[in-house]
Amino acid sequence: MKINLNPEVTPQSKIIVALDLPTAAEAIAICDRIPDVEFWKVGLELFIADGKIILQELKARNKKVFLDLKLHDIPNTVASACRVATKYGADFLTIHASGGKAMMQAAQAEVQDSNTQLLAVSLLTSTSARELASDLQVPLEVSDYVSHLVKLARDSGLTGIVCSPHEVANLRSQVKSINGDDLCFVTPGVRPAGTAHGDQSRVMTPKDAIAAGTNYLVIGRPITAAPDPVMAWENICQELS
């Protein structure tokens, strides 16, 4: 829709680096260290701490912004929040598909004429099959539940999906957008080989995620928390080249 679903084939264009940091000062310092990054993610912690500052700074540098707020509330509240987010110039904005069709439709209506593309979050990559069954009491396999949520998002008019890279290939074969185009898949849970999984349960290497059909990789701590963030970034780009 707004973002090119097939970005120029360069490693940099496929990677969204997550600024999972507590202050704008720390986030800007990372941006200064890795100026070749084209696309940055701002999540809840940083947005609550210094949202306006960091978003304005990133846009001043002509960077793309993934505003990852995972909105989930009554339709009117989420729609209003989406309307505000478009004023920040967010390129991607997340809402939870589990919020339901009415919520997603209301949100999509608010961004329709802006440069912001909504992404529907299917199932968090930190959620395991056991947690889905025991904690959330969802009597479906992970793949079936994710497929249901993605179809619900598609039927609500959204063209972007956030899911585990493990689910992309199956979803691509099952679900097209309303107009028949491919959906845009953005995948967290991406970890270079040999790095810690942290709180992620369903992970994949960058190279394997791209091979599975991911449009954009979201990678945070393996880059920003590395002893040498520049080297970590360059190694991932090299892996994808």
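The legends below describe close-up views of a predicted model. Residues are numbered from 1 along each chain as its sequence is written, and side-chain values use heavy atoms, with hydrogens and water left out. In this predicted model, local features need pLDDT of at least 70 and side-chain atom pairs count only at pLDDT 80 or more, whereas totals for chains, interfaces and linings use all residues.

**View 1. Asp-91 in the loop between α4 and β4.** Asp-91 lies between α4 (75-87) and β4 (92-96), where helices (H or I, at least four residues) and strands (E, at least two) are DSSP runs numbered from the N terminus. With a relative accessible area of 11%, Asp-91 is buried (under 20% relative accessible area, 1.4 Å probe, protein chains only). Its side chain makes a polar contact with that of Lys-59 at 2.8 Å (a pair of N or O atoms within 3.5 Å, one able to donate a hydrogen and the other to accept it; residues adjacent in sequence count only if both atoms are side-chain atoms).

**View 2. Cys-163 and Cys-184, without a disulfide.** The structure holds zero disulfides (pairs of cysteine sulfur atoms within 2.5 Å). Cys-163 is in none, the nearest cysteine sulfur, that of Cys-184, being 10 Å away, which is too far for a bond. Cys-163 is buried at 1% relative accessible area, and Cys-184 is buried at 0%.

**View 3. Strand β7 (residues 184-187) and its pairing with β6 and β8.** Cys-184 and Val-186 on one side of β7, and Phe-185 and Thr-187 on the other, are all buried. Strand β6 (residues 160-162) pairs with β7 in the parallel sense over three bridges (pairing requires at least two DSSP bridges), and Val-162 has Val-186 as its bridge partner. Strand β8 (residues 216-219) also pairs with β7 in the parallel sense, over two bridges, with Tyr-216 opposite Val-186.

Technical notes. Buried < 20%, exposed > 50% of the residue type's maximum accessible area, 1.4 Å probe, protein only.
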